[in-house]
Amino acid sequence: DQRGILEQILRIGMERHPLGREVADRHRAAALEEIPESPFRPVQQRALQATPYPSHYPYYGDVVVARSNGTYWIQSAPQFEDVSDRWLVFAHEGAFRGWYAIPRPVRITDVGDRFVVAVVTDQLGVEFVEVYDLGTGK
């Protein structure tokens with residue numbers, strides 16, 4: 001609740017997916033390419049090369065609580081190669097309501113009864129707002 005007191009625990013039977021070596025290598029290579037030219041680039045590259053990758057994807061990603069109706073939106077196990085994120089939706093009392101696939105990369109900022117507001121970042125790093133209609137998915 002707003003006072004920081006635990007009200008309930010949602011238990012979701014989710015399987016952990018292994019993070020394959022080839023996926024970790026592709027992700028690391030893409031991250032290395034994004035390091036800008038500077039005197040610190042070699043240090044940043046060595047640090048990135050030395051950073052260990054986990055053996056599995058996380059169980060879940062982000063969690064959003066809808067202000068309008070108290071539903072919980074839980075991003076299921078984000079994976080590097082996915083083009084959309086699957087969001088599991090639970091009623092305030094914990095009952096599973098369903099799921100939505102939302103194109104990546106987005107950051108959900110608000111959820112209403114019939115819409116999702118998300119911040120999208122384009123390839124140039126420019127952020128803009130998109131509103132998805134939960135009735136049509138557009």
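Predicted model: local features only at pLDDT ≥ 70, side-chain atom pairs only at ≥ 80, totals over all residues.

Reader: Let's start with the helices. Why are α1 and α2 called roughly antiparallel?

Author: Look at the angle. Helix α1 (residues 21–33) and helix α2 (residues 41–50) pack at about 170°. Anything over 145 degrees counts as roughly antiparallel, so that is the label α1 and α2 get. Their axes are 10 Å apart.

Reader: Which residues make the contact between them?

Author: From α1 you have R28, A31, L32 and E33, and from α2 there are R41, Q45, L48 and Q49. Sorted by class, that contact has three nonpolar, two polar and three charged residues.

Reader: What makes R21 and D25 a salt bridge?

Author: The closest N and O atoms of R21 and D25 are 3.5 Å apart. The cut-off is within 4 Å, so the pair qualifies. Both residues sit in helix α1, four residues apart, which is about one turn of the helix.

Reader: Why is R21 called exposed, but D25 partly exposed?

Author: Exposed means over 50% relative accessible area, and R21 has 61%, so R21 gets that word. D25 has 34%, which falls between the 20% and 50% limits, so D25 is partly exposed.

Reader: How many salt bridges are there in the structure?

Author: There are five. Another one joins E37 and R41, with the closest N and O atoms 2.6 Å apart.

Reader: How do you know whether E37 and R41 are buried or exposed?

Author: Check each value against the limits. E37 has 67% relative accessibility, which is over 50%, so E37 is exposed. R41 has 18%, and that's under 20%, so R41 is buried.

Reader: On to the strands. What makes β2 mostly covered?

Author: Count the buried residues: in strand β2 (residues 72–76), five of the five are buried. Y72, I74 and S76 point one way, while W73 and Q75 point the other way. In a regular strand the side chains alternate between the two faces of the sheet.

Reader: How do you know that β1 and β2 are paired?

Author: Two strands need at least two bridges to pair. Strand β1 (residues 60–65) and β2 have four and run antiparallel, so they count as a pair. As an example, V63 has I74 as its bridge partner in β2.

Reader: Which residue of β3 is the bridge partner of I74?

Author: That's L88. β2 and strand β3 (residues 84–90) also pair in the antiparallel sense, over four bridges.

Reader: Where is G70, and why is G70 called buried?

Author: G70 is in the loop between β1 and β2. Its relative accessible area is 14%, under the 20% limit, so G70 is buried. The hairpin of β1 and β2 has six residues between the strands, and G70 takes a positive phi near 75° there. Leaving out residues up to four places away in sequence, G70 touches V65 and H92. P42, by contrast, is 28 residues from G70 in sequence and 47 Å from it in space, C-alpha to C-alpha.

Reader: Why are β5 and β7 called edge strands?

Author: Three strands form an open sheet in the order β5-β6-β7, with antiparallel pairing. β5 (106–111) and β7 (127–133) each have a single partner strand, so one side of each has no neighbour in the sheet. From one strand to the next, the twist averages 30°. β5 pairs with strand β6 (residues 115–121) over five bridges, and R107 has V119 as its bridge partner in β6.

Terms used:
Residues numbered from 1 in each chain as written. Heavy atoms only, no water. Axes fitted to C-alpha atoms, helices over the stretch in contact; angles between N-to-C directions. Helix = DSSP H or I, 4+ residues; strand = E, 2+ residues; numbered from the N terminus. Parallel < 35°, antiparallel > 145°, perpendicular 65-115°, else oblique. Contact = heavy atoms within 4.5 Å. Nonpolar A, V, L, I, M, F, W, Y, C, P; charged D, E, K, R; others polar. Buried < 20%, exposed > 50% of the residue type's maximum accessible area, 1.4 Å probe, protein only. Salt bridge = Lys/Arg side-chain N within 4 Å of Asp/Glu carboxyl O.
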